[in-house]
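Open the model in your viewer and keep the selection tool ready.

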Amino acid sequence: MSGVGALRSVGLRTAPTTRGLRRWLLRPEAPAAVFLVVLLAAFSLAADRFLTPDNLESILVQVAVLGIIALAVNQVILAGEIDISVGSMLGLCAVAVGTVATATGGLLAPLAAGVATGVLAGAVNGLLVTLGRIPSIIVTLGMLYALRGVILLVTGGTWITQIPDETRVLGLAKLAGVSLPVFVMFALFLIVNAVSRNSTWGRDVFAVGGNRRAARLAGLAIDRTRLLAFALVGAFVGIAATIYVGRAGSVQTNAGEGLELQVIAAVVIGGTSIAGGRGSALAPVIGAVLIGVILNGMILVGVPGVWQSAVLGALILLAVTTDALRRRLVGGAA
Amino acid sequence: MSAIEASAQSRVEHRAAAAVHPPIFRLAGVTKRFGGVTAVEAVDFDLRRGEVHAQVGENGAGKSTLVKLVGGLYVPDEGRVEVGGEVVQFSSPRDSEAAGIAMIPQELDLFLELSAAENLFVGRRRPRRPWGALDWRQMEARAREQLGALGVEFDVEAPVERLSMANRQIMLIAKALMGDAAAVVMDEPTSSLTEREAARLFRIIDELTARGVGVVYISHRLGEVFMVADRITVLRDGQHVRTAPASELDSEEVVRLMVGRSLDELFSRGGHEAGDVALEVRGLTRTGEFEDIDLTVRHGEVVGIAGLIGAGRTELAQTIFGVRAAERGEVLVDGEPVELDSPAAAMEAGIGYVPEERQSQGLVLPFTIAANISLSILGRLSRLGFVASQRERETADGFAEQLAIRGARVSEPVSRLSGGNQQKVVLAKSLAGGPQVLLLDEPTRGVDVGAKSEIYRLIDRLASEGRAIVLISSELEEVLSMADRVLVMREGRVSAELSREEATQERVIAAATGVAVGEDEGAEGAAPAASVDTER
């Protein structure tokens, strides 16, 4: 059962009958969602400061960059490909944002520069994968290094500082008491969710990832579908970079290092199959929030920081094992 | 051919000697079922020292299942496998190899990047130098020696991917003999060999049998079978039909035994008036797959394409549909040339294709039934890039009703349906685009009898509505009862074109295998078979 398997008749709005509940539990992000609720309860009991509006909001702000990028990478993974270049891509977009911001100020020009840079890099990924017929893991691994190299060449290794306040709005400002990064993340989620469920491209992404041969024999534009997914990653990285620069107030040459693996972790933990074709737009958001909750909760409960990596790793293994077991139990879906 | 004729002569001499020894292995009353399907039932088969025992039968007669039972890939549900008079239980190919049975599969299992010498020593103790390093020189020397014993010589240091198919096959035989195989099982060994290479293979088979090695020889090519075989076993629908010395049979008799039953017709189409030419294929070629194919199908006509697996039928259909790139030739629909570069272009031109593998090529299994049906026409069902779900559901419901898709609602995953109903979904998907020309590749493979006759009725209806239909099928009865005209393909070429009246099982098999049967004149390949027959 996948997001599209559940396309019309199932959804969050299903009446809470047992049948509806059963179907909901079969949704790809269900285990992560259940686990998230359990964790929230456990941390609330263990640490007084955990379940406060301020703390919960700060968790969401912290995972906004991760969540936004994971939303787009999720589409790439659903289409049966992968993108591990987003760490360096975020760095490069941040350099573009920072450079334009210090030159012109304002918000729109730096944002546009970041998005344009991202789309360009994403399009290169997509073209090499589709026209070049090179496996995406190789292409994006190459880009991971190449883009980091470009950052160093462009900046000469120096930081970009003194980002003007009006550019930092997207990272720092609040609207009706909620930080803008959180707003942006949820707005983008709503858009991607609608597109993923109801648009032809969204459907093609699942089809290409679910059975590429059948999709090809059905005449789908496999290359265009995948190219768009890679370009979408670039656009979302550009937006995320503007938030990132806003929050940091400066751009370091190592910005975004290691982010690519966290993004994939968020997607997989959330319940999208790394093999493609199964998953949902909600999965990366839940995955990102889950990561944020664990990191935050561990600190509040007083677990030493050295445990972070071990816990995250265990979480990923747990997620993929759950997915494999569930698919075997549900059966039918080979 | 004279060398082979001579060898057939010499074979007669050691056949007498072979009879006195106990069989190398024996299958006694073996039955193998897969789910509800019985692949072979109560079949007896044995192999004696120094003989060539051929297995013949139509596609699906159970030959490869038998081979896998001998090779340790399957365990029989009933009956026993005996080696040297003792009952054995093979649980893996390794067991069968240890018992002295070597398999030469149709698809050769080789490590293409490794050299011939390395391949020969895979899974075997490799010679080493005193300090533990591999002794390459000795490995290569032994490889050369082994090949020399078979009378062949080639570069054993070069990667196997540079060797011809014939040399790769000989390598596997050499490998089998290194393990002191008492029996060698060859599955369609000549399917990718030239005539000269085949002659060399027959000479090697001769040397093997002279040493007392037994050979199981599986081939569709009856001419060859009569050249090499001492005994022939005919299988049909998983049943043992007859085992007899080759000298007591002729190819006409063997074909009759292979076909067997009379036509029990699930469905028979009445006569139809065909309209104008809908699909025209001219000189379509993909070297190595099919060559110079001409094909004309009229509106309202069903043209069957018969042939053996590997004759190039699927490749032809996929090329017409733009999946594979054509080297030469053109395709016209209603007189208009079709761009042969993508399935999308073919569909645009009014061609629909139902692929032979339902699950791997036809369906997106995690999708709902509705999403599968609308896969190709989503653009038409959407506005501004968003799917009009109401229209999608109506379309899907319409097809589900027309094609009697039963077992689940269209909003449920397609994986919940039975094989026959899944196949109807694949058909619906191809029909959704409203094609005038339909290429059906094994449309009833693996579906139950009920769904089968429903699919036949559907094909009949589609034809009477004026669609041009190409029906590729390995089931002879299906082709004969459904098609207005039958094209037979053999080794990438059209070997016969038969009208509904001319098309009989015997004629189609003759054209598909290259063996002349009965009073049919003209099928090529008849001469060698006949000459061997008269010799005996």
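Patches are made of residues with over 30% relative accessible area and no salt bridge; like charges are joined within 9 Å, and nonpolar side chains (Val, Leu, Ile, Met, Phe, Trp, Tyr) within 5 Å. A salt bridge puts a side-chain nitrogen of Lys or Arg within 4 Å of a carboxyl oxygen of Asp or Glu. Areas come from the Shrake-Rupley method with a 1.4 Å probe; for residues, only the protein chains shown count as cover.

This is a predicted model: local features need pLDDT of at least 70, side-chain atom pairs count only at pLDDT 80 or more, and totals for chains, interfaces and linings use all residues. Residues are numbered from 1 along each chain as its sequence is written, chains are lettered from A and ligands numbered from 1 in the order written, and side-chain values use heavy atoms, without hydrogens or water.

**Surface patch.** Select A:Val124, A:Leu128, A:Ile134, A:Ile137 and A:Ile138. They make a nonpolar surface patch of about 380 Å². Helix 5 (108-130) and helix 6 (136-155) of chain A each supply at least two of its residues. Helices are DSSP runs of H or I, at least four residues; strands are E, at least two; both are numbered from the N terminus.

**Strand.** Now pick B:Gly79, in strand 4 (residues 78-83) of chain B. Beyond four places in sequence, B:Gly79 contacts B:Ala28, B:Gly29 and B:Val30. Its C-alpha atom is 48 Å from that of B:Asp292.

Note on methods:
Contact means heavy atoms within 4.5 Å.
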